[in-house]
Amino acid sequence: MADFDQELDASGLNCPLPILRAKKTLNGMESGQVLRITATDPGSVKDFESFAKQTGNELLDSSEEGGKYLFRLKKK
Amino acid sequence: MDEKKLAIIATKGSLDWAYPPFILASTAAALGYETQIFFTFYGLVLLKKKLNLQVTSLGNPAMPMPLPVPVIMQTMPGMQAMMSTMMKAKMKKKGVASVEELRDLCLEAEVKMVACEMTVQLFDFNKSDFIDGIEYAGATTFFDFAGDADVSLYI
């Protein structure tokens, strides 16, 4: 079983698009569901931390894999 | 929890200066801020239905250039159009959103956009050239919102 409910590929997108797309996707999700995001923008690492801090959606993990940044956000 | 508020004044209408207001407004909206942008003077062109935003290196010595071009050459006809085309192509390649896209995202996120009525009169702008869903008002209306904003920016 996958450890997320929805997936968003923000590869190739630059600031602020990964955050905006993530927010839009979260809007269509239920509380407690997990969104996995793939991004290539190195700035998104700090930005997803800040997004989580400011919006109350929990950043479950943040990792890098072969030039891709992976995040899992749990909807508040 | 009370919603935070961001008030922005957008005064510039070139391609490079178009980005900060729309990037900050769309991001703030995503973070839950109630956001308003007041467009005045050259910033008003950012509200036109058909955007034709340009960038120039003239008077902007910090603009990175692929090749060093003497200033006298930069004044030649067609140089501004060429630089603007190159900048837009570079942005697309780097995954930077277009101004149109960011503006649409702002509208979708209910960022309120207010056009300065005085500027419309001053430059004889035609309101039918502007996008729908905006308001026309003056400085007093800006303060009605900005007066209790948490962040206010002049761009």
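1. Over all chains the number of disulfides comes to 0, a disulfide being a pair of cysteine sulfur atoms within 2.5 Å. C15(A) is in no disulfide, and the nearest cysteine sulfur, that of C106(B), is 13 Å away. With a relative accessibility of 36%, C15(A) counts as partly exposed (buried is under 20% relative accessible area, exposed over 50%, partly exposed in between, with a 1.4 Å probe and protein chains only). For C116(B), the closest cysteine sulfur is also in C106(B), 19 Å off and too far for a bond. C116(B) is buried, at 5% relative accessibility.

2. A word on the basis of these notes. This is a predicted model, where local features need pLDDT of at least 70 and side-chain atom pairs count only at pLDDT 80 or more, while totals for chains, interfaces and linings use all residues. Residues are numbered from 1 along each chain as its sequence is written, chains are lettered from A and ligands numbered from 1 in the order in which they are written, and side-chain values use heavy atoms, with hydrogens and water left out.

3. Now the interface. The contact (heavy atoms within 4.5 Å) takes 13 residues from chain A and 14 residues from chain B. About 1,100 Å² is buried between the chains, and carbon and sulfur atoms give 62% of this; buried area here is the accessible area (1.4 Å probe) that two parts lose on being put together, summed over both. On the chain B side, A30(B), L31(B) and G95(B) lose the most area to chain A, together 42% of what that side buries.

4. Which salt bridges join the chains? The count between chain B and chain A is 2, a salt bridge being a side-chain nitrogen of Lys or Arg within 4 Å of a carboxyl oxygen of Asp or Glu. K24(A) meets E108(B) at 2.9 Å, N to O, and R21(A) meets E101(B) at 2.8 Å. R21(A) lies in helix α1 (residues 17-27) of chain A and E101(B) in helix α4 of chain B, so this pair joins two chains; helices (H or I, at least four residues) and strands (E, at least two) are DSSP runs, numbered from the N terminus. R21(A) is partly exposed at 31%, and E101(B) is partly exposed at 29%.

5. Over all chains the salt bridges come to 8. Within chain B, E135(B) and K112(B) form one at 3.4 Å, N to O. This pair links distant parts of the chain, with E135(B) in strand β4 (residues 135-137) and K112(B) in strand β3 (residues 112-116), 23 residues apart. Another is K127(B) with E117(B), the closest N and O atoms being 3.0 Å apart. K127(B) sits in the loop between α5 (117-122) and β4 of chain B and E117(B) in helix α5, so the pair ties together parts 10 residues apart in sequence.

6. Finally, do take a look at R72(A), in strand β4 (residues 68-74) of chain A. R72(A) counts as buried, at 16% relative accessibility. Where does its side chain reach? The side chain of R72(A) comes to 2.8 Å from the backbone oxygen of D3(A). Beyond its neighbours within four places in sequence, R72(A) is in contact with residues including V34(A), L35(A), E58(A) and D61(A).

How values were computed. A polar contact is a pair of N or O atoms within 3.5 Å; within protein, one must be able to donate a hydrogen and the other to accept it, and residues adjacent in sequence count only if both atoms are side-chain atoms.
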